[in-house]
Amino acid sequence: MANKEVEIRLYDKREKLTATLYVEQLAENKFRMTENDIFNCRLTKGTEFETRLNKEGNHEIIRITKDSGYITRRFFLSPEYKESDYRVLGDELVKRGGFWQVDFGGIVTVNIPKDFEFDVDQVMKDLDLKLTEIVDD
């Protein structure tokens, strides 16, 4: 039986922020990310975690049980490029098992399979895409 995608409200105690996420439910309190959380950089596509319900009825992460199998990178999109310029890279990622999403119209998150045969930096250079990478400190 396939796991079903559900919507949960996830409260982050450190950030004091609640986000609504669509996740794959693996067990009663175990979930797998189906996309990337824009606010919590540890919650990327494929990450599995366990939760408990707090007194408000929102989920809180107890622990991450499995890290994502992807390399995740985030970039600011530049208005100097059209969506079709980005789509070439995004479509190539998807064809080869990766994933990409755009949030707030200006931040792209790419999930690159660890065995991806292309160097993303080289592909961006070949396409003349100059994007600013968002890095965690």
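A residue is called buried when its relative accessible area is under 20%, exposed when that area is over 50%, and partly exposed in between. By this rule, Phe-31 and Phe-49 are both buried. The model described here is a predicted one.

**Overall fold**

- The protein chain contains 2 helices and 9 strands.
- Along the sequence these elements follow the order β-β-β-β-β-β-α-β-β-α-β.
- The C-alpha atoms occupy a box of roughly 50 × 35 × 25 Å along the principal axes.
- Of the 137 residues in the protein chain, 42% are buried.
- When contacts between residues at least 6 apart in sequence are considered, 45% of them join residues at least 24 apart.

**Aromatic pairs and a charge over a ring**

- The structure has 2 aromatic pairs.
- One of them joins Phe-31 and Phe-49, a tilted pair with 5.9 Å from centre to centre and 35° between the planes.
- This pair links distant parts of the chain, since Phe-31 belongs to strand β3 (residues 30–33) and Phe-49 to strand β4 (residues 48–53), 18 residues apart.
- Phe-39 and Phe-104 also form a pair, and it is tilted because the ring centres are 6.2 Å apart and the planes meet at 55°.
- Phe-39 lies in the loop between β3 and β4, while Phe-104 lies in the loop between β7 (99–103) and β8 (107–113), 65 residues apart.
- Phe-39 has a relative accessible area of 48% and is therefore partly exposed.
- Phe-104 has 66% relative accessibility, so this residue counts as exposed.
- The charged end of Lys-45 is placed over the ring of Phe-99, at 4.7 Å from the ring centre.

**The cavity**

- There is 1 cavity of 30 Å³ or more in the structure.
- The largest cavity holds about 80 Å³ of space.
- Residues lining the largest cavity include Phe-75, Tyr-86, Trp-100, Val-108, Met-124 and Leu-131.
- Both α1 (83–95) and β8 supply at least two residues of this lining, and α1 provides the largest share, with 4 residues.
- By class, the lining of the largest cavity has 11 nonpolar residues, 1 polar residue and no charged residues.

**The largest pocket**

- The largest pocket has a volume of about 320 Å³.
- Its lining consists of 16 residues, and those nearest the centre are Tyr-11, Asp-12, Arg-14, Asn-40 and Ile-61.
- Two or more lining residues come from each of β1 (5–12), β2 (17–27) and β5 (59–66).
- The lining of the largest pocket divides into 8 nonpolar, 2 polar and 6 charged residues.

**The second largest pocket**

- About 280 Å³ is the volume of the second largest pocket.
- Among its 15 lining residues, Cys-41, Thr-44, Thr-72, Arg-74 and Asp-136 lie nearest the centre.
- The elements β6 (70–76) and β9 (132–134) each contribute at least two residues to this lining, with β6 giving the most, 4 residues.
- The lining of the second largest pocket has 5 nonpolar, 4 polar and 6 charged residues.

Note on methods: Residues are numbered from 1 along each chain as its sequence is written. This is a predicted model: local features need pLDDT of at least 70, side-chain atom pairs count only at pLDDT 80 or more; totals for chains, interfaces and linings use all residues. Side-chain values use heavy atoms; hydrogens and water are left out. On a 1 Å grid over the protein atoms alone, a cavity is a set of points where a 1.4 Å probe fits but cannot get out, and a pocket is an open set with protein on both sides within 12 Å along at least five of seven lines; lining residues have an atom within 4 Å of a point. Grid points are joined across faces, edges and corners, and a volume is the space filled by probe spheres set on the points. Ala, Val, Leu, Ile, Met, Phe, Trp, Tyr, Cys and Pro count as nonpolar, Asp, Glu, Lys and Arg as charged, and the others, Gly among them, as polar. Rings of Phe, Tyr and Trp (its six-membered ring) pair if their centres lie within 6.5 Å; planes under 30 degrees apart count as stacked, over 60 as edge-to-face and the rest as tilted. Buried means under 20% relative accessible area, exposed over 50%, partly exposed in between (1.4 Å probe, protein chains only). A charge sits over a ring if NZ of Lys or CZ of Arg is within 6 Å of the ring centre and within 35 degrees of the ring normal. Contact means heavy atoms within 4.5 Å.
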